[in-house]
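Here is my note on this structure. Please keep the model open while you read the points below.

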Amino acid sequence: MEILRLVLVANLLLLLPILLHSTSAYNVGDPVPLFVNKIGPLHNPSETYKYYELAFCRPDQVLEERESIGEVLNGDRLANALYDLKFAVNKTRAVNCQQKLNKQDISKFRDAIKNDFYYQMFYDDLPLWAFIGKVEDEKWTSDSKGPKYYLFTHVQFDALYNGNQVVEIHALSDPNYVLDITDDIDVTIDFTYSVFWSETSIPYKNRMERYLAASSLPILQQTHWFSFVNSIVIVIMLTGLLVVLFTRHLKNDLRKWSIGDEDEEKEVGWKYLHGDVLRCPTNLPLFSAFLGCGTQLLTMIFILFVLAFLGISYPHSHGSLSNSIFISYLLTSAVSGYISSSFCIQYSEMRQEASTLLTGTLFLGPFLFTAFILNTLAAYFNVTAALPLGTIFIIILIYTLVAIPLLVLGGVVGKRNKYEIQSSPVAKKSPREIPFLAWYRRTPAQMFIGGLLPFSAIVLELHNLCATIWGYKVYTSLGVLFITFLILAVLTVMISVGLTYFQLVVEDHDWWWRSVLRGGSTAIFMFLYCVYFYYKSNMSGILQACFFFGYSFCMCYAFFLVLGALSFRASLIFVRRIYHAVKSE
């Protein structure tokens, strides 16, 4: 617990500049920072390009804003703009620039409009979006010579302020001012803009709430309630099942054991296994590393929830969420080293070093391999998701100087502070032979049951989460997401305990890895749903497909580790309790 407290405090200290970020106040006529960011197709959120890839009005010298690691990881590429939006100063039809477009520029704009490109800007750290142009289908045109492509040449900014602070801003591409770019011809046009300011009573501290408005739509609220009712029904049913299990079977077994003689011939079911049930699991270093990584990611998830509830990390927060994930993962390396080492040392001091090494690579290895492939692909397509070499070097340097020492330190502390796992001595040198098992008691069937029930309780919120990650609106609220995660954890624990008991009843003592696999199997169903979500969406193209499936795999793999570790912990506590009761009797 002390390590968890230190990690949380360290996260808060590192993110303190964001938490204590002073609000910006302006006088009438003061310049307000405006940065252009990126452009991209509406339905492919990973396929974004720098704003000036298209022939928009650009300053004589384009200055890229210095960004944090989180902003770079988020694919942001901020740069200065020609727009002059002074605080509380209205403008009408102001000329941004006069631009000469050649045939190549026209062709790029037309391809962008054809693919529903939008552009993104930040005004006083508030994100705003607008479309580049529009398409009129052949049936709407008078000459019936095919679709017409129109470039918006005028942008209207509607800003709201409260006192001396910017609260809200919208960008609207005016359809009354367009340029026909259907044909490849050189043309000179004026890009113009208007700014209209209005006063509002919305307090400054609530200015980000409009970006969360999608989660409060009536249809989504009905979905949330249905999801909760569905989850609660499943929890109640499983609770009833476990109550029956413990009151009718487990307690009866313990009572019979206490009043009968102690001959082995009169033992029944799981009591045969008191000498084998806590035997060292196979492939101990890998098992310890799995437990360490899962606990680390679980700790990181709760830290992220704490930071989100404190208002430090939230969607559209200029990379703060990516910053929080990066810093949390670095600092929780001590947790993974501690858990892995303290578990492994119970059975073998010789394999503790191998366990620590595996802990550092079990999750990070597949993630870095996936990220390397995606970054290479992003660099080939020249999208903003490609990390610059300088950023890659800084990330590697920070990980080497922070995460690796914390991992080793956690391993050293875990080695010195090992906890006693065994509640009964291993009585036999060779493990007891496991009897033949029916198909529904084997690992695949238990993984199916252990994964399907929790997945059925969270599938609706999983859909909203995917729509949030791969879209532009927030379709779920923080509180709903947290409660859903708790329901997922509770169901995983309950199912793990129940299936572990049914496994021990048939004298199968090989429960270690099976408890991990049936707990983590929910992540397999989650990934399958992600595949379904992709094919039902409007996303397309090799780049977007690779990013979607690559990062969906990493996310589901992380949940596999988290739920697997949680499932094992629950089964371990259950096994120790019942065999401690047998020993006491």
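1. Start with one definition. A charge sits over a ring if NZ of Lys or CZ of Arg is within 6 Å of the ring centre and within 35 degrees of the ring normal. Lys134 meets this with Tyr150: it lies over the face of that ring, at 5.8 Å from the centre.

2. A word on the source. This is a predicted model, where local features need pLDDT of at least 70 and side-chain atom pairs count only at pLDDT 80 or more, while totals for chains, interfaces and linings use all residues. Residues are numbered from 1 along each chain as its sequence is written, and side-chain values use heavy atoms, with hydrogens and water left out.

3. Now the sheet. Helices (H or I, at least four residues) and strands (E, at least two) are DSSP runs, numbered from the N terminus. Two strands pair if DSSP finds at least two bridges between them. Here three strands form an open, antiparallel sheet in the order 7-8-11. Strand 7 (133-136) and strand 11 (178-180) are the edges; each has a single partner strand, so one side of each lacks a neighbour in the sheet. Neighbouring strands are turned by 30° against each other on average, direction ignored.

4. Look at one pairing. Strand 7 and strand 8 (residues 148-152) are antiparallel and share four bridges. Gly133 stands opposite Leu151 in strand 8. Helix 4 (residues 103-114) packs on the sheet and touches strand 7 and strand 8. Contact means heavy atoms within 4.5 Å. The direction of helix 4 makes about 100° with that of strand 8. Axes are lines fitted to C-alpha atoms, for helices over the stretch in contact, and angles run from 0 to 180 degrees between N-to-C directions.

5. Next, the aromatic rings. Rings of Phe, Tyr and Trp (its six-membered ring) pair if their centres lie within 6.5 Å; planes under 30 degrees apart count as stacked, over 60 as edge-to-face and the rest as tilted. The whole structure holds 52 aromatic pairs. Phe287 and Phe343 have ring centres 5.6 Å apart and planes at 35°, so this pair is tilted. Phe287 is in helix 6 (residues 284-309) and Phe343 in helix 8 (residues 333-344), so the pair ties together parts 56 residues apart in sequence. Both are buried (under 20% relative accessible area; exposed is over 50%, partly exposed in between; 1.4 Å probe, protein chains only).

6. Which kind of pair do Phe290 and Phe560 form? Edge-to-face, with 5.8 Å centre to centre and 75° between the planes. One aromatic cluster includes Phe287, Phe290, Phe343 and Phe560.
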